[in-house]
Amino acid sequence: MSVMNGLDVDTYVSRSRALDLSGVAWDDVPRYPLAAEAVRTLRYMQDIEAHTIIYLRTLLSTRALDDSEVATFLACWFYEETFHARALARFLEAAGHEVVPRVRSKESLPQRIEALATAWLARAWPDFVTVHMTWGAINELTTLTGYRRLAELAGHPVLSDLLARIMRDESRHFAFYFHQAARRLVRPRTARLTRRIVERFWAPVGAGVQPDEELRFLAGHLLSGPDGRAAARRIDETIRSLPGLAGVELMEAWMARTRPDASGAAQARAAVIQPQGLHSLVPLPRA
């Protein structure tokens with residue numbers, strides 16, 4: 001029997017289902033104020049959730065398909081994430097904010113090159129799935145943190161209920177990625193190369209999909225102030241607990257580098273890492 005983090009895959013699959021929206025008080029959504037910042041954040045989040053199908057397209061060209069646990073998880077992951085996007089769109093519409101679908105089938109030349117290079121690297125390096133698992137753990141944790149912070153800041157009871165339901169899925173997704181990464185990163189050479197890729201190319205969820213100014217707004221809105229900075233610090237500390245990633249700088253360094261009022265010292269410290277905007281969950285190393 002194949003076991004996934006103490007839970008057999010068959011059991012995991014049996015628990016995978018569309019987001020449970022029973023009892024959500026949709027009719028009450030307009031009764032509570034929703035700040036413009038919350039609307040802007042929700043639009044960003046809904047768009048990124050809807051973009052999951054593009055992430056999956058890239059993953060299907062990698063060795064992820066050769067691992068039965070990972071392949072099974074990805075099927076459930078895509079199914080569940082799709083309903084997150086639909087639920088967020090429904091909330092926005094109930095609040096009086098139309099969601100306009102955008103074309104996702106067209107790829108720019110850099111995106112096509114990145115997808116081809118990612119597929120090549122995945123074939124050339126047997127442990128490439130470790131990068132995907134580590135990258136996925138970071139992205140799921142930042143997404144989970146973002147939802148939690150939005151619920152705290154928005155103060156909208158119906159939104160809080162909806163996000164709590166989504167967060168239950170995101171927590172399971174994070175747990176899978178994190179434990180898979182921990183298991184694979186025990187190989188020193190794999191850990192060293194994975195760390196190099198993460199340090200050089202990581203950027204928050206949505207980089208390369210949404211405009212940079214939207215990404216900066218989201219980080220500033222959700223991760224500013226004492227509570228926001230503490231949330232960002234917890235993201236970094238959690239990822240640093242993975243084998244070979246002690247001391248790695250992620251969210252805090254990215255925020256220091258992109259904050260308009262960052263001091264020269266902070267910018268210099270953050271410049272040690274040079275993540276690039278990415279178009280998928282799987283990073284593309286430069287030659």
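Q: Before we look at this predicted model, what counts as buried?
A: Buried means under 20% relative accessible area. The structure above is a predicted model.

Q: Is Thr 41 buried or exposed, then?
A: Thr 41 has 0% relative accessibility, so Thr 41 counts as buried.

Q: Where does Thr 41 sit?
A: Thr 41 lies in helix α2, which covers residues 36-50.

Q: And which residues does Thr 41 touch?
A: Leaving aside residues up to four places away in sequence, Thr 41 touches Leu 150, Phe 217, Leu 218, His 221 and Leu 222.

Q: Which other residues of α2 are buried?
A: Besides Thr 41, the buried residues of α2 are Ala 38, Val 39, Leu 42, Tyr 44, Met 45, Gln 46, Asp 47, Ile 48 and Glu 49.

Q: What covers the buried residues of α2?
A: The cover includes α3 (52-59), α4 (68-94), α6, α7 (157-184) and α9 (212-223).

Q: How far apart are the end C-alpha atoms of α2, and what span should its residues give?
A: The end C-alpha atoms of α2 are 21 Å apart. At 1.5 Å a residue, the 15 residues should span 21 Å, so the two values agree.

Q: Changing topic to α6: how do α6 and α8 cross?
A: Helix α6 (residues 128-154) and helix α8 (residues 188-201) have axes that come within 10 Å and cross at roughly 45°. The two helices are therefore oblique to each other. Their crossing is right-handed.

Q: Which residues of α6 and α8 meet there?
A: On the α6 side they are Thr 130, Val 131, Thr 134, Trp 135 and Ile 138, and these meet Thr 190, Thr 194, Ile 197, Val 198 and Phe 201 of α8. Six residues of this contact are nonpolar, four are polar and none is charged.

Q: What about α6 and α10, at what angle do they cross?
A: The axes of α6 and helix α10 (residues 225-240) come within 10 Å and cross at roughly 160°. Angles over 145 degrees count as roughly antiparallel, and α6 and α10 are therefore roughly antiparallel to each other. Here α6 passes α10 in a right-handed crossing.

Q: Which residues make that contact?
A: From α6 come Ala 137, Ile 138, Leu 141, Thr 142, Thr 145 and Arg 149. From α10 come Asp 227, Gly 228, Ala 231, Ile 235, Thr 238 and Ile 239.

Q: How many of the residues in the contact of α6 with α10 are charged?
A: Two are charged, alongside six nonpolar and four polar residues.

Notes: Residues numbered from 1 in each chain as written. Predicted model: local features only at pLDDT ≥ 70, side-chain atom pairs only at ≥ 80, totals over all residues. Heavy atoms only, no water. Axes fitted to C-alpha atoms, helices over the stretch in contact; angles between N-to-C directions. Helix = DSSP H or I, 4+ residues; strand = E, 2+ residues; numbered from the N terminus. Parallel < 35°, antiparallel > 145°, perpendicular 65-115°, else oblique. Left-handed = near helix turned anticlockwise from the far one by under 90°. Contact = heavy atoms within 4.5 Å. Nonpolar A, V, L, I, M, F, W, Y, C, P; charged D, E, K, R; others polar. Buried < 20%, exposed > 50% of the residue type's maximum accessible area, 1.4 Å probe, protein only. Expected span 1.5 Å × (residues − 1).
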